[in-house]
Amino acid sequence: MRYIRYACIALFAVALVSVALANRNIVTLQVLPVEISGWFAVNPSIQLPLFIVILGSIIVGLLVGFVWEWIREHGHRAEAARQARERRRLEREVIRLKEEKHQGKDEVLALLDEAG
């Protein structure tokens, strides 16, 4: 299984390198379209290789997806934490009740009573 994982990682790396080599041309990224930038008299732009734009877009998309999913699952995590607290409280109560039940009894008899 480990070799399959390494093969997939190597295949993914080769694909990324081939995309980077095929898209080395410099492109200009502008924040606003030319028509709209005339209204604001500002047109910030940057020149980057196309593969950086492609890979950067993929990374930003993954990060947005991870954050979105983390926010979406907040209710599930909160419910799981509430149930874990309740379970711990009930376990403590069971232990306390067993101790009260067997208080004053011989330890051996208490163990036999619990086993039966």
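The largest share of the nonpolar patch, six residues, is contributed by α3.

Me: Which residues make that nonpolar surface patch, and what is its area?
Reply: The patch consists of V19, I54, I58, I59, L62, L63 and F66, and it covers about 630 Å². The structure is a predicted model.

Me: Take F66 from that list. Where does it lie?
Reply: F66 is part of helix α3.

Me: And is F66 buried or exposed?
Reply: F66 is classed as exposed, because its relative accessibility is 57% and the cut-off for that class is over 50%.

Me: What about V60, which element holds it?
Reply: V60 is also found in a helix, namely α3. With a relative accessible area of 51%, V60 is exposed.

Me: How far apart are V60 and L112 in sequence and in space?
Reply: In sequence, V60 and L112 are 52 residues apart; in space, their C-alpha atoms are 62 Å apart.

Me: Now confidence. What is the mean pLDDT of the chain?
Reply: The mean pLDDT of the protein chain is 87, with 97% of its residues at 70 or more.

Me: Which elements have the lowest and the highest mean pLDDT?
Reply: Among the elements of the chain, helix α5 (residues 107–115) has the lowest mean, 70, whereas helix α3 (residues 50–72) has the highest, 93.

Me: Changing topic: how many helices and strands does the chain have?
Reply: The protein chain has five helices and two strands. Their order along the sequence is α-β-α-β-α-α-α. The radius of gyration is 31 Å, well over the 13 Å given by the globule rule for 116 residues, so the chain is more spread out than a compact globule.

Me: What box do the C-alpha atoms fill?
Reply: Taken along the principal axes, the box is roughly 90 × 50 × 15 Å.

Me: What percentage of the residues count as buried?
Reply: Of the 116 residues in the protein chain, 7% count as buried.

Me: What does UniProt list for residues 46–68?
Reply: The unreviewed UniProt entry lists residues 46–68 as "transmembrane region". In the model, this stretch is 83% helix and 17% strand, and its end C-alpha atoms are 28 Å apart.

Me: And which feature does UniProt place at residues 33–94?
Reply: The unreviewed entry places "domain: Lipopolysaccharide assembly protein A" at residues 33–94. Over these residues the chain is 82% helix and 8% strand, with the end C-alpha atoms 68 Å apart.

How values were computed: Residues numbered from 1 in each chain as written. Predicted model: local features only at pLDDT ≥ 70, side-chain atom pairs only at ≥ 80, totals over all residues. Heavy atoms only, no water. pLDDT = per-residue confidence, 0-100. Helix = DSSP H or I, 4+ residues; strand = E, 2+ residues; numbered from the N terminus. UniProt positions renumbered as here; feature names shortened; annotations may be inferred. Buried < 20%, exposed > 50% of the residue type's maximum accessible area, 1.4 Å probe, protein only. Patch = residues over 30% accessible without salt bridge, like charges linked within 9 Å, V, L, I, M, F, W, Y side chains within 5 Å. Areas by Shrake-Rupley, 256 points an atom, 1.4 Å probe, with all protein chains shown as cover. Salt bridge = Lys/Arg side-chain N within 4 Å of Asp/Glu carboxyl O. Rg over C-alpha atoms; globule rule 2.2 N^0.38 Å.
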